[in-house]
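Welcome! Take a moment to look over the sequence and turn the model around before reading on.

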Amino acid sequence: MQSRSHLYETLVRLHGDAVLRFLRRRTDPHTAEDVFSETMLVLWRRFDDVPHDEPLPWLYVTARNCLRTAERSMRRQGRVVEKITTVDPPKDTVDAGLEEDPRADCLRSALARLSPTDAEVLRLWAWEELGPTEIATVLETSVNAATIRLHRAKKKLRQEMDAPRRLDDRKGGKR
């Protein structure tokens, strides 16, 4: 009986070139090499699922799925890079807009009192105009986690902005 490693090497030797040609016909050479590596990794992990009498169609399906995943990832990265490079630096945007607003100092102070993570989530949402899905990509977390972080950060900012008024109220100050 042959070992798993030996069978894997035999499959790669027999069909590896065909899979790589399959990928090169569908994408650029660099991406094809990366996706080929991913496909061979999937082959190793799911070796027991491979029909050993007809492995090539299974390898093509796996390569196609890996290529789709790689293309989705590249599109997402491209969108994030495009947004980051087309948006003005946040400091300029904040200074220009907030200097005219009488609540600017209150907002700056409240934002500075937040944790760096909460402040970053709010900046991504407000300044970069990213939605929860894009924020999740930037923060490398799930969409659900990004949505929850954004909700909590908004709530904390609201509490921080109300804090000076509460202090004024206790001191008998104006509101």
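This is a predicted model: local features need pLDDT of at least 70, side-chain atom pairs count only at pLDDT 80 or more; totals for chains, interfaces and linings use all residues.

## A few words on angles

Residues are numbered from 1 along each chain as its sequence is written, and side-chain values use heavy atoms, with hydrogens and water left out.

## The whole chain

What is the chain built from? It has eight helices and zero strands, where helices (H or I, at least four residues) and strands (E, at least two) are DSSP runs, numbered from the N terminus. Along the sequence this gives the pattern α-α-α-α-α-α-α-α.

The chain has 175 residues, and 27% of them count as buried; buried means under 20% relative accessible area, exposed over 50%, and partly exposed in between (1.4 Å probe, protein chains only). Take the contacts (heavy atoms within 4.5 Å) between residues at least 6 apart in sequence: 56% of these join residues at least 24 apart.

## Helices α6 and α7

Helix α6 covers residues 116-126 and helix α7 covers residues 132-139; they pack at an angle of about 130°, with their axes 10 Å apart. The two are therefore oblique to each other. Which residues meet here? Glu120, Val121, Leu124 and Trp125 of α6 meet Ile135, Val138 and Leu139 of α7.

## Helices α1 and α2

Now compare the angle between helix α1 (residues 4-24) and α2, which is about 150°, with axes 10 Å apart. α1 and α2 are therefore roughly antiparallel to each other.

Helix α2 itself runs over residues 29-45, and its 17 residues reach 24 Å from first C-alpha to last, close to the 24 Å expected at 1.5 Å a residue (the expected span is 1.5 Å times one less than the number of residues). Among its buried residues are Val35, Phe36, Thr39 and Val42. At the start of α2, a side-chain oxygen of Asp28 comes to within 3.2 Å of the backbone nitrogen of His30. This is a polar contact, meaning a pair of N or O atoms within 3.5 Å; within protein, one must be able to donate a hydrogen and the other to accept it, and residues adjacent in sequence count only if both atoms are side-chain atoms.

Start with Thr62 in helix α3 (residues 55-86). Is Thr62 buried or exposed? Its relative accessible area is 8%, so Thr62 is buried. The Thr62 side chain reaches the backbone oxygen of Trp58 at 2.8 Å. Leaving aside neighbours within four places in sequence, Thr62 is in contact with Thr39 and Val42.

Next, look for His15 in helix α1. At 18% relative accessibility, His15 counts as buried. Not counting residues up to four places away in sequence, His15 touches Pro55, Leu56 and Leu59.

Finally, find Arg152 in helix α8 (residues 143-170). With a relative accessible area of 52%, Arg152 is exposed. Arg152 and Leu122 are 30 residues apart in sequence, and 9.9 Å apart in space from C-alpha to C-alpha.

Definitions and conventions
Axes are lines fitted to C-alpha atoms, for helices over the stretch in contact, and angles run from 0 to 180 degrees between N-to-C directions. Angles under 35 degrees count as roughly parallel, over 145 as roughly antiparallel, 65 to 115 as roughly perpendicular and the rest as oblique.
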